[in-house]
Amino acid sequence: MSRPANTGADNLTGIELPETRFSRVVDHALTVVGRAASWLWVVLLAVIVVNVTLRYVFQEGRIELEELQWHLNAVAFLIAIAYAYRVDAHIRIDLVSVRLRPRLQVWIEFYSTFLLLLPFIAVVLWFSFPFVAHSWNASEVSSSPGGLPFRWLLKGVLPVAFLLLLLAVASRLTRLWAYLTDGPP
């Protein structure tokens, strides 16, 4: 079952969150990036079909195609994190909060974002920049013979994806705060 794009309503709890100027700009940008990145799944599928055809029809395995598969999968998945958060398609456990008043649910999401999600993003960003810098400085390539070069480029997607997630979180926080201060739309 597909879910509609989030137009301000929290799809899981039915709470309508107001938009802010910041959230409109960021949400639009994240939607553009997310939709563009979704084409990576089509490219991944094509690479898999080519690789399987080469292997089973022509008995020729290609290590670069194997690596390209997991590179594309990693990039698409990492970029999808911010988009999933933006459209509220991420996994939640709302066993208790779904029974609470909407305003209390928003407070819980607001504080849990500050206490859990933002520190997690900060830790990933803190460690990912040196991780990518080391790979860049070493001109890291695949250790497999015939593997792909530019391993640092793949690793560079990690901080980019978490910066996008940080933008999605900031957008969501402005919307939560607008709900808490101005009331429901």
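1. Contact here means heavy atoms within 4.5 Å. The model is predicted. On that contact criterion, and leaving aside neighbours within four places in sequence, V169 is in contact with Y85, T113, L117, L118 and I121.

2. The core comes next. The largest nonpolar core holds 28 residues. V169 is among the four that touch the most other members, together with V106, F162 and L165. The largest share comes from α5, with 12 residues.

3. Helix pairs deserve a look. Two packed helices are described by the angle between their axes and the distance between the axes. For α4 and α5, the axes come within 9 Å and the crossing angle is roughly 160°. Angles over 145 degrees count as roughly antiparallel, so α4 is roughly antiparallel to α5. The crossing of this pair is left-handed. By class, the residues of the contact of α4 with α5 divide into 28 nonpolar, 4 polar and 5 charged.

4. Now α1 against α3. The axes of these helices come within 9 Å and cross at roughly 135°. α1 passes α3 in a left-handed crossing. On the α1 side, the residues that meet α3 are D27, L30, T31, V33, G34, R35 and A37. On the α3 side, their partners are I79, A82, Y83 and R86. The contact of α1 with α3 has 6 nonpolar, 2 polar and 3 charged residues.

5. What is the packing angle of α1 and α2? The angle is about 10°, and the axes are 4 Å apart. Angles under 35 degrees count as roughly parallel, so α1 and α2 are roughly parallel to each other. R35, A36 and A37 in α1 meet W39, L40 and W41 in α2. By class, this contact of α1 with α2 has 5 nonpolar residues, no polar ones and 1 charged. Note that R35 and A37 of α1 also meet residues of α3.

6. F22 and S171 are 149 residues apart in sequence, yet 6.5 Å apart in space, C-alpha to C-alpha. Not counting residues up to four places away in sequence, F22 touches L167, A170, S171 and T174. Is F22 buried, partly exposed or exposed? Its relative accessible area is 38%, between the 20% and 50% limits, so F22 is partly exposed.

7. R151 is a charged residue to check. It is found in helix α5. Its relative accessibility is 14%; buried means under 20%, so R151 counts as buried. Which residues is R151 in contact with, leaving aside neighbours within four places in sequence? They are E67, W70, H71, S135, E140, V141 and S142. Of these, E67 and E140 are charged residues by class.

8. F150 is worth a backbone check. Phi of F150 is near 60°, a positive value in a residue other than glycine. F150 has its place in the loop between α4 and α5.

9. Q59 is found in the loop between α2 (39–57) and α3. Exposed means over 50%, so Q59, with a relative accessible area of 61%, is exposed.

10. E60 is also found in the loop between α2 and α3. At 36% relative accessibility, E60 lies between the 20% and 50% limits and therefore counts as partly exposed. Leaving aside neighbours within four places in sequence, E60 is in contact with L54 and R55.

Terms used
Residues are numbered from 1 along each chain as its sequence is written. This is a predicted model: local features need pLDDT of at least 70, side-chain atom pairs count only at pLDDT 80 or more; totals for chains, interfaces and linings use all residues. Side-chain values use heavy atoms; hydrogens and water are left out. A nonpolar core is a set of buried Ala, Val, Leu, Ile, Met, Phe, Trp, Tyr and Cys residues joined through side-chain atoms within 4.5 Å. Buried means under 20% relative accessible area, exposed over 50%, partly exposed in between (1.4 Å probe, protein chains only). Helices (H or I, at least four residues) and strands (E, at least two) are DSSP runs, numbered from the N terminus. Axes are lines fitted to C-alpha atoms, for helices over the stretch in contact, and angles run from 0 to 180 degrees between N-to-C directions. Angles under 35 degrees count as roughly parallel, over 145 as roughly antiparallel, 65 to 115 as roughly perpendicular and the rest as oblique. A crossing is left-handed if the near helix is turned anticlockwise from the far one by less than a right angle, and right-handed if clockwise.
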